[in-house]
Amino acid sequence: MNAILPVTAPVAPVAPASAILAAAHHLLGHLERGERVDAPILRAAMEAAFDASDTSGAWGWKAAYDACEAATVLFLRKYGKPLFRKAASPAARLAALSKITGLLPTHTRRSEESQAMQQMA
């Protein structure tokens, strides 16, 4: 029996947490500029961070949404205090948060497992 050798050497997997954080840092730039993060931008950030596409199984859309949430946290750590100082009322603070989260995609892509269990992921 002949063994089939891979054409390329296997790529060492990237630790998911560090890759998600790397994608979040990429997305942070978009939030800082007030730019909407759409699916192609999110996919590009994840592919760069994981050095692979979602079709390879290296990452899933739940991890991509986690990167968006991490980018929001990074944004608020960097700009939250001055932003909230300018927003005097709770309603103004909520409006500022809504503007930031409005730049991010909604969790519309679901895994087969999530769909089967009727869970958002």
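Close-up 1. Within the largest nonpolar core, a group of 26 residues, Leu-27, Leu-42, Met-46 and Phe-50 touch the most other members. The elements giving two or more residues to this core are α1 (16-32), α2 (39-50) and α3 (61-86), and α3 gives the most, with nine. A nonpolar core here is a set of buried Ala, Val, Leu, Ile, Met, Phe, Trp, Tyr and Cys residues joined through side-chain atoms within 4.5 Å. Buried means under 20% relative accessible area, exposed over 50%, and partly exposed in between (1.4 Å probe, protein chains only). Helices are DSSP runs of H or I with at least four residues, and strands are E runs of at least two, numbered from the N terminus. Please keep in mind that this is a predicted model, in which local features need pLDDT of at least 70 and side-chain atom pairs count only at pLDDT 80 or more, while totals for chains, interfaces and linings use all residues. Residues are numbered from 1 along each chain as its sequence is written, and side-chain values use heavy atoms, leaving out hydrogens and water.

**Close-up 2. The surroundings of Met-46.** Leaving aside residues up to four places away in sequence, Met-46 touches Ala-23, Asp-51, Ala-52, Trp-59, Ala-63, Ala-64 and Ala-67. Contact means heavy atoms within 4.5 Å.

**Close-up 3. Aromatic rings.** Searching the whole structure turns up three aromatic pairs. Rings of Phe, Tyr and Trp (its six-membered ring) pair if their centres lie within 6.5 Å; planes under 30 degrees apart count as stacked, over 60 as edge-to-face and the rest as tilted. With ring centres 5.3 Å apart and planes at 70 degrees, Trp-59 and Trp-61 are therefore an edge-to-face pair. Both of these Trp residues, Trp-59 and Trp-61, are buried. Phe-75 and Tyr-79 form a tilted pair, because their ring centres are 5.0 Å apart and their planes lie at 45 degrees. Trp-59, Trp-61 and Tyr-65 make up one aromatic cluster.

**Close-up 4. Phe-75 and Tyr-79 along α3.** These two residues, Phe-75 and Tyr-79, both sit in helix α3, four residues apart, about one turn of the helix. Phe-75 counts as buried at 10% relative accessibility, whereas Tyr-79 counts as partly exposed at 31%.

**Close-up 5. Where α1 meets α3.** The axes of α1 and α3 come within 7 Å and cross at roughly 55 degrees. Residues making this contact include Ile-20, Leu-27 and Leu-31 of α1, and Ala-67, Leu-74 and Phe-75 of α3. Axes are lines fitted to C-alpha atoms, for helices over the stretch in contact, with angles from 0 to 180 degrees between N-to-C directions.
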